[in-house]
Structures are given as structure tokens and as C-alpha cells.
Amino acid sequence: MNDATIGTWSYRAGDWFAVFGSGTTLLLPESERERVIDLWAQVDGGAAFTQVLDGLLTSGLSSLPGFVLVETSEGGPTRVLLRGEGVRATLTTDAETVDLDGAAATTWVERTVDGVTALSVIVGDDAGGPDFAIDGGLVRVSRIDLPPAGQLAPAPAEAPPVEAPPAEAPPAEAPAVEVPPAETGPIQAEDPLGPPPAAPPEPPPAPAHMAPWPEPEGEPEDQQGAPPETPAADAGPDAEPNTADMPLSPPPPPPTPPSFDDVPPPPAPEPGPWGDGGFAETAPPPPPPAPAGDSDHDGHTQIGVSPGAEGPEQPGIPGQPMAPAVTRPVAKLIISSGETVDVDRVVLIGRAPEARRFSSTDQPKLVTVPSPMHEISSTHIEVRPGSGADHGSAVVTDMGSTNGTVLVQPGLPPEDLKPGIAVQLIPGAIINLGDGLTIQVARP
Amino acid sequence: MTGVELHHGAATDVGTVREINEDAFLAEPPVFVVADGMGGHDRGDVASRIVVEEFARLARTGYDPRRGPEAISATLRASQARIGEYDARQRAQGAEDFQAGTTAVVALLIEDDDQPKWLLANVGDSRIYRFNQGVLEQVSVDHSVVQELVDAGVITEADAAVHPERHIITRALGGHDVVDADYFVLPLAAAERLILCSDGVSGMIDDDTICAIMRATGDPRDAADKVVAAAVAAGGRDNATAVVVDVVGWAEDTPYDSQQMRLSLEQKLGALP
């Protein structure tokens, strides 16, 4: 593991968000989830240090309790910026050791050091624990080290001993083989409620980083799908296939889980008009529960265990319905017929819209629009608050309308919406449903 | 909610095999319910009757038409609690593992977007169909093992009808778990007729047969009778119950206007300014 590729860090699990890019690494506290989401794309896209810093400071320094921004380059100097109480960095060169404390300045502490041989950043309490290797992605950390800390955890703590030999065998000739177990490690090794499943396992020779946000479908698969090196996941108490998405959704809200609910199951890429993930139950059922022996069940309806396991998973007070999901509006729809609608939940718009398969706490808004020519379908489009990469903005989906929907985003050519495919809306966008009816998207 | 008139009919039959009818129904406009009790010796008839009693209470006391899902959700919870109390009494008398259960499908008239609409709710494998302009469509989605297999693409609809586990449902009232229904909202104009039925109907006759009966029968009372009679005639292996509700006197307020359509076409072609 010591000969891991340049650019490979190690980290210890914690509360802070860490985004590892190709030359830039960004750490932000737990409260700065929105910023992390915004900056993720930049860092992962290989944005320069100054660009990331610009992005970080757009909404001002006063609202930013802490951050760490690190620029590393092969052969070049290492630049570190830190701010915040309990944020510390140690840079070691052949000649000296430089300790930096983020609480030492009112704005931030900046230091550029040449010939750095080791760099570690500690945010909050370093609770110890295993170090995991990472060379790109988004994880939650308490400490990061470059080069990777001495003893990288080869595998999750509760991994069966069977796993040790393969983890030790290949390192010399194939560091590539070794990284994935370490990266998938924290996901299985720790309380599934704790760290976010933010860093999708990445193929280690990572010239082009995968974009984790659109990708999260892959992850439940990894948790349940029994790749050969993770037998522990299947044996674990939380590893029932059909509950795979359950431990990922409750609080503390990690960045990706909402998208798990929205992403249709992989085998159904083209949902029907109502097949959108928001309504459909997503977990593919395992074999049905044990039948009751005799072959004629007519008239003997029985209660089985739901393969979807949808009932018992609701958190909250037993016997009480869940509190409505409080979402602040992410956009305002100004409809040419005169109505204005806030997008704080699912909004269904059409000539005579229908809502299908919702729960008592998430009743969609139905917005009826006039369509004297009947060019607009009864349920024409859906607009809802986005999740995952679309978090913070609205997304529009054509619900299989007869005559289609044209979307004009600012600065882009008109686009025909494909039925069932959600598209993120930029403020200023115009949605044309036909029959002269347009919907303007504005900030909430 | 003025201007909406509901005509309804309901029918139930114990069938040819069962000794007691565990189905129950309610038709007290604007509340309609079909419940299918489960497990003969566990007195499913009591569970289904409890659900109907609770919704009858809702129909009598009234509800806020703009908060329909809350009204149904609260009524289902009340039913669940009463079934639990009944279970506890039976267990106290020595019936170990006693657990009554029931499905429920509910249709409730609500107001949404200042329009009267149908709010439909479903727990279990009883069904709600809508019949509109000669076309029958199942609105509710069964909470059953076979439905989930169909959704997952493991089996086809045709397989589901003969699947050995077709009577195992994945959600029901009764038991310990908190149960919420799936809800649906339909504009009245999109559901000229609603059919609520137990699986003793939908399991014995197929959708085409139900559709043919609906097309041939104008009066909802006759339609309910005929559907149940057809299910019994097809074997009657389970209790069969149907409630049919017609919306009368509610016309879609945006009728297709050929005159305006022609004018618009001329506008588009530039014949008019």
C-alpha cells in the first residue's frame, strides 16, 4: 500500500465532508452540505485551486465556519488554506515540520511549502480508527493524510478472516486491486446511518473520475450485490437485499440518499408515464415468502412479508403518520394562465391531472391548466424538487404526454423532453406544453 | 361540492365454497369502502367490519374535503387500533397468535385545486377500477407478492393470475406494523364510474369480463349485482363484493371545441390576424 499512486490520500471517517479531486482537495464541515454539493463538480472536474476558492467564497466568509483547501502538484509546492476552530494541518519536509492552526487567523491561514514529504489535516476530534485509501471522490472524514497513513486498513473491521489473504497477497504487483476493498470498507464497516455513501467505489487507475452523483444506483448494488470480496456485507444484519436503501435514508442527511428514492431501479430505464421512481416501489423482490403448503390458496388470502419492506421502515412515532416532509420551495412556476405555483413538493400539471400512488404525507399538488384544443395531456408534466445532483433546483419530467413538451433553458437551444426523463430546470427556463400555455421557471 | 351527484350500487355474495362472508362494504356517499377480511378461523369478518364501521363514522361525522388523505389515514389508524384490541382480547381468552386482518379500498370525494375529485386509497389486494368512455382501467396497485414480481419483471400479468402465491398480500390492516395506504387522486371527469371490489371478483373474472358488464349495464346497482353474480358463476371460490359508483351531472368543463379549434388553425395558418 505504500507504493500507492501519487495523489492517493488516506482518510479516517468523521463528520466533515472531503472532496478529493485530481490536484485539489476540499474539506468542509458537516453544516456546509449545500456548498459541498455545489463545489463537488468543480473539484472533481479538475478545477484550479483559485477557481475552487472563488466558488467557496461566493456567498461570503462570515457564513463559512471552517474549511480546508489543499493544492498538491507533483514536484511543485503544496499550498494549504485553513480556517476554523480545531482545524489543524501538519506539513513535513526533509528540513522542518510546519504546524498550522485554522483558529489562528480571523480570515484564514495560508501557507505554501516546497518539498513536502507528508501532509496531514485533522478536523475536529481525531477519534482514531482505521485509515482508508482514496484517490478521488467524496467522503466524510475526521483526518486525511498524504501520502496515505502507515497502516491502511486492508478491510473492514468485522470482515471475516477469509478476506485477509487476498488483501495481503496482491499489493506489490497490483496496488490497483487493493484500493477498492479499502474504499468500500467504510461503507460496510461502520454504522450505516453514520457516514454518507458518498464515495462510490472507483476503479483505482482513475484518470477520469467517475461522476458519483448521477451514479448512486451502483451503490446499493455494491452493498447487497455480493461482490466476491465483501461477504461481510451479506452476512451483516443490515444487509438484507430489500432493505438496502433503508439504512441510507434516515438522518443525519448525507448528500446522496434522496436520490436513491428517486432513481428507478436499474432494470427499468424507461419508466412509463406513471413509472417514475417517486411513485413506484423500487426494490425488486426476492423470492416470495414461504407458501403455506397446499396448492389451492383460493379464498385464503394471507398476509405475507413485503419484499419491498415498505411498512416497517418508516421512522417516527409508532402509530402516528410521518410528519410531512418540510421542503422549502426550490423554484416558482409562473403559468401563463395566471397561476403561480411553488415547487416545494411534487407538482403535476395538465388539463385534468391525476396523482398516483402517493402516501398520506406527500400528496402532490395538482395544477389544472386550460387547454381548449386538447393539445395538453391530462397529466402532462411533473415538476418536483430535485435530489442528488439536482438538489436545490427543480426538475421537470414529461409524463408521457401525447404532444410532448418543449423546454427552453436560458442560453440553450429548445429541447424536446423525453417521456420519463427528468431534466434540471434553470431559473429563467420556459416550459411549453402546447395550446399556447407556457410555464416560466423563477427563483422561489 | 355542489353539483356532484353520486349514484351507487353494491352487492356481496359468500360464494360457493366459503361458509361465512368475510367481506364488508360501505356505500354512504361520499364515502365508499370494500374490505376483505382474512383468515377464516381468525375472524377476518370482524376485521373487515371494523374498517367499515370506522369509515361509516367518518361519513357521518364529516371531514375536511381539502384534507382527504389525513381523514383516510386517521380512519385507517383507528381501524388498525380496534383490530389490535380485538386481537388482544382473543389472545387473552387463550387463542394464541390470534391475528385478524383485512384489506381496504376507499373512495372519498374531496376538493383539490378548488375542484371536486376522487381520492382513492388502497391497502392489500382489493381493487379500484375506473370505467371511462367504455374503457376499464385498474387504478389501485395490489399490495401482493405477485404484483411485486410483475413490477420487477420476474413474471407476467398472465403468470400472476395462476401464480401459487397470488393470495399472499404484502400490506394489510391488522398486525403490529404501522400501515399507510397508497393514495390516488382522479378528477371526477376522468372517472365516470368507479368499481371497488374484493379479490373474490377480480380473481374469478378477468378485466375484460368486468368491462363488458360495465358497458352493458347503465344502472350502477345492476352493474354491481351482475359483476358479483358473474364471479360466483365463474366458481365463487371466495367471497365476492363490488361497489359501483357513477358520477352524475358533472361535465368536463373544457369540452373539445371544434369551432375554436378551426379558428385556431386559421390563426396558425395566418388566415386571421
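## Close-up views of a predicted model

**View 1. Helix 1 of chain A and its buried residues.** The buried residues of helix 1 in chain A are A:R33, A:R35, A:V36, A:I37, A:L39, A:W40, A:V43 and A:D44. Keep in mind as you look that this is a predicted model. Helix 1 of chain A covers residues 33-44, twelve residues in total. From its first C-alpha to its last, helix 1 of chain A reaches 16 Å, close to the 16 Å expected at 1.5 Å a residue.

**View 2. The surroundings of helix 1 in chain A.** What do the buried residues of helix 1 of chain A pack against? Their partners in chain A are strand 1 (9-20), strand 2 (24-28), helix 2 (49-57) and strand 10 (137-146). Following helix 1 of chain A, you will find A:G46, which has a positive phi, near 85 degrees.

**View 3. A hairpin in chain B.** Here strand 7 (residues 127-132) and strand 8 (residues 135-138) of chain B pair in the antiparallel sense, over four bridges. Look for B:F131, which stands opposite B:L136 of strand 8 in chain B. Two residues lie between strand 7 and strand 8 of chain B in this hairpin. In the turn, B:Q133 has a positive phi of about 50 degrees.

**View 4. A salt bridge in chain A.** Side chains of opposite charge can pair when their charged atoms come close. In this view, the side chains of A:E71 and A:R79 meet in a salt bridge, at 3.4 Å from N to O. Are these two residues buried or partly exposed? A:E71 counts as partly exposed because its relative accessibility is 24%, and A:R79 is partly exposed too, at 23%.

**View 5. Two salt bridges in chain B.** The side chains of B:R43 and B:D45 form a salt bridge, 3.3 Å from N to O. B:D45 is buried, with a relative accessible area of 15%, whereas B:R43 counts as partly exposed at 37% relative accessibility. In the other pair, B:E70 and B:R67 form a salt bridge whose closest N and O atoms are 3.1 Å apart. B:E70 is partly exposed, at 45% relative accessibility, and B:R67 is also partly exposed, at 45%.

**View 6. A network of salt bridges in chain B.** Which residues are linked in a network of salt bridges? They are B:R49, B:E53, B:E54, B:R57 and B:R82. Over all chains, the count comes to 28 salt bridges.

Definitions and conventions:
Residues are numbered from 1 along each chain as its sequence is written. Chains are lettered from A and ligands numbered from 1 in the order in which they are written. This is a predicted model: local features need pLDDT of at least 70, side-chain atom pairs count only at pLDDT 80 or more; totals for chains, interfaces and linings use all residues. Side-chain values use heavy atoms; hydrogens and water are left out. The expected span of a helix is 1.5 Å times one less than its number of residues. Buried means under 20% relative accessible area, exposed over 50%, partly exposed in between (1.4 Å probe, protein chains only). Contact means heavy atoms within 4.5 Å. Two strands pair if DSSP finds at least two bridges between them. A salt bridge is a side-chain nitrogen of Lys or Arg within 4 Å of a carboxyl oxygen of Asp or Glu.
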